[in-house]
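Please keep the sequence and the three-dimensional view at hand while reading the points below.

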There are 2 protein chains.
Amino acid sequence: MSQPSKTNVIKLSEAAVSCRNCSMYGICTPPGADANTMALLEGAIKKRRVVSRGEHLFRAGDPFTSIYCVRSGSIKTYVNSDDGSEQVTGFHLPGELLGLAGICAEDMPGSGVALETSSVCEIPYERIDILNESLPGLKDELIRLLSQKVLHYQTLTMLLSRKSAEERLAALLLSLSTRFQRRGFSSTEFYLSMSRNDIGNYLGLAVETVSRMFTRFDADGLLTVQRKYVKLHDIERLKVMAGSPRIHLQMAQA
Amino acid sequence: MSQPSKTNVIKLSEAAVSCRNCSMYGICTPPGADANTMALLEGAIKKRRVVSRGEHLFRAGDPFTSIYCVRSGSIKTYVNSDDGSEQVTGFHLPGELLGLAGICAEDMPGSGVALETSSVCEIPYERIDILNESLPGLKDELIRLLSQKVLHYQTLTMLLSRKSAEERLAALLLSLSTRFQRRGFSSTEFYLSMSRNDIGNYLGLAVETVSRMFTRFDADGLLTVQRKYVKLHDIERLKVMAGSPRIHLQMAQA
DNA sequence: CGATGTGTTGAGTTCACTCAAACTTAGTGG
DNA sequence: CCACTAAGTTTGAGTGAACTCAACACATCG
């Protein structure tokens, strides 16, 4: 709301721009946050890290130390079952949190890998306690975000167990669209940073099925697709296909 | 650990028995909790409520006020999509929490209904804040439990998108078995309080498929089933069928 | 310019679904 | 106590959506 203060102008304004649309916004910039608070957060919470395409941010079995928030790029998280197969648990866009499932465990239960060159904030979990002193409401916000994740996965569960391939892909595209829009990107035109394989894995579909669905959507005039590039022509019809509005809403809470 | 104190002996000892194996154990009975603390919790956190079979504990759209913990019986939670169909999101046994997905919203996103006559603790969410003062660590515990839920649903996601009907049912039976055992019930012999319909809905299978799987498991000597009654004969083989041990572990965190 | 990874298309199969009917149990009231 | 009903469960038969296997197309890149 207020202008950044005298000191550290550049740094703070940078933070304001990049944090405005972040999941942690309520935490990083609580209503009435003064420059002091901002500086505290800038200095204490955040440790930026850049990971390039294919590089792991963390791996299953690593000791749990931090949670992460995407600044730019995109991160795929997955858990692997003992038989070697993996299950994609999410695609994380700028402003979204990941690594929360690790809180309850000693070690990270899943892995996070960059789908493209990405920048993330690493937030050492032990600092949450300390920061909560100076920023009461921090833990409450974390609780709220976790609750949102629970709701998100409950919705995903419905998508996977009740919906057809068509409905699942439509729902994913809408989810991405909404999330891009929220962060200030185009809601109708974007590049998919994940492969068809990842999409199929996430949605519980074979790669071939995903590909066929894209082809069909294109043929039906719903969208134009050229490999990674997607342009949505008829969001309304996509919504009808995906079914209940409630699902969009909740799937968009990533 | 210690004996209940002079005052309120009966009440406290009751609490000790029923809370020992509860999800909230770490909260209700923090290490070193004295009688004072116990009394505080007994009086402040808990409001018991009895719901009979088919009765709703809360409904989607109700204002969010409390989270709940099952004392006895079992509660089914579900979300309903706009088209009227419902998706079962969980079966909650004694000692397990429900209603956590509501924290992030104004209103309850889903409903909770008793599968049999059940007793639950209702915990007004606003009291968490107050209680956290006298019981630091309360919010941390809540965060841990929420994280566990996230992990649980990620695992359920894998079950739904990658596994066959056989694997899904095996995993559910093992989950129930583990959870019954943890609370002091038999791990090999129990009554299913939920209908085949509920099971099918939860696992993303048609009722008929669930029924056929039970019949097949019985024929294969894995278990004996007579409607609601189930006796597991070969847990080891069930585990093999359900696949990775990691899945059991995480599915058992309800 | 092959080589390799990723995506698309085609053909045939299969697992779980739907539809349909019989059966069992629990509850109701004559 | 015994129909009678309603709800839940089981079994059977046939169908279909998505899967697997296989070949081909198209980028990207050393």
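The structure is a predicted model. The residues of the surface near DNA strand C comprise six nonpolar, six polar and six charged residues. Near DNA strand D, the corresponding surface is made up of six nonpolar, six polar and five charged residues.

**The surface near DNA strand C**
- DNA strand C is surrounded by 18 residues, and the closest are A:Ser195, A:Ser211, A:Thr215, B:Ser164 and B:Thr209.
- Two or more residues of this surface come from each of α7 (196-203) and α8 (207-219) of chain A and α8 (207-219) of chain B.
- The element that gives the most to the surface near DNA strand C is α8(A), with six residues.

**The surface near DNA strand D**
- There are 17 residues around DNA strand D, of which A:Ser164, A:Thr209, B:Ser195, B:Ser211 and B:Thr215 come nearest.
- Here the elements that give two or more residues are α8 of chain A, together with α7 (196-203) and α8 of chain B.
- With six residues, α8(B) gives the most to the surface near DNA strand D.

**How chains A and B are paired**
- Chain A is superposed on chain B by a rotation of 180 degrees with 0.0 Å of shift along its axis, and the RMSD is 0.0 Å.
- The two copies are therefore related as by a two-fold rotation axis.
- Both copies use the same surface, since 100% of the contact residues of chain A recur in chain B.
- Chain A places 36 residues in the contact, and chain B places 36 residues in it.
- On the side of chain A that touches chain B, at least two residues are supplied by each of β5 (86-92), α5 (138-162) and α10 (245-251) of chain A.
- The largest share of that side, 18 residues, comes from α5(A).
- By residue type, the side of chain A that touches chain B has 17 nonpolar, 12 polar and seven charged residues.

**The fold and the nonpolar core**
- Chain A contains 10 helices and 11 strands.
- Chain A has 254 residues, and 45% of them count as buried.
- Among contacts in chain A between residues at least 6 apart in sequence, 70% join residues at least 24 apart.
- The largest nonpolar core has 128 residues, of which A:Tyr68, A:Leu146, A:Val150, B:Tyr68, B:Leu146 and B:Val150 touch the most other members.
- Leaving aside residues up to four places away in sequence, B:Leu146 touches A:Ile143, A:Leu146, A:Ser147, A:Val150 and B:Leu100.

**A loop residue, A:Phe64**
- A:Phe64 lies in the loop between β2 (56-58) and β3 (66-72) of chain A.
- Is A:Phe64 buried or partly exposed? A:Phe64 is partly exposed, because 18 other C-beta atoms lie within 10 Å, whereas a buried residue would have 20 or more.
- A:Phe64 and A:Ala105 are 41 residues apart along the chain, and their C-alpha atoms are separated by 7.3 Å.
- Not counting residues up to four places away in sequence, A:Phe64 touches A:Gly102, A:Ala105, A:Glu106, A:Asp107 and A:Met108.

**Confidence in the prediction**
- The average pLDDT of chain A is 83, and 81% of the residues score at least 70.
- Residues 1-17 of chain A have a pLDDT below 50, and this stretch has 13 contacts in the model beyond near neighbours in sequence.
- Where pLDDT is low, the predicted coordinates should not be read in detail.

Methods
Residues are numbered from 1 along each chain as its sequence is written. Chains are lettered from A and ligands numbered from 1 in the order in which they are written. This is a predicted model: local features need pLDDT of at least 70, side-chain atom pairs count only at pLDDT 80 or more; totals for chains, interfaces and linings use all residues. A residue is near a molecule or strand if its C-beta atom, placed from the backbone, lies within 6 Å of it. Helices (H or I, at least four residues) and strands (E, at least two) are DSSP runs, numbered from the N terminus. Ala, Val, Leu, Ile, Met, Phe, Trp, Tyr, Cys and Pro count as nonpolar, Asp, Glu, Lys and Arg as charged, and the others, Gly among them, as polar. A residue is buried if 20 or more other C-beta atoms lie within 10 Å of its own, exposed if 12 or fewer, and partly exposed in between; C-beta atoms are placed from the backbone. Two residues are in contact if their C-beta atoms, placed from the backbone, lie within 7 Å. A nonpolar core is a set of buried Ala, Val, Leu, Ile, Met, Phe, Trp, Tyr and Cys residues joined through C-beta atoms within 7 Å. Copies are superposed by least squares on the C-alpha atoms of residues with pLDDT of at least 70 in both. pLDDT is the predictor's confidence in each residue, from 0 to 100.
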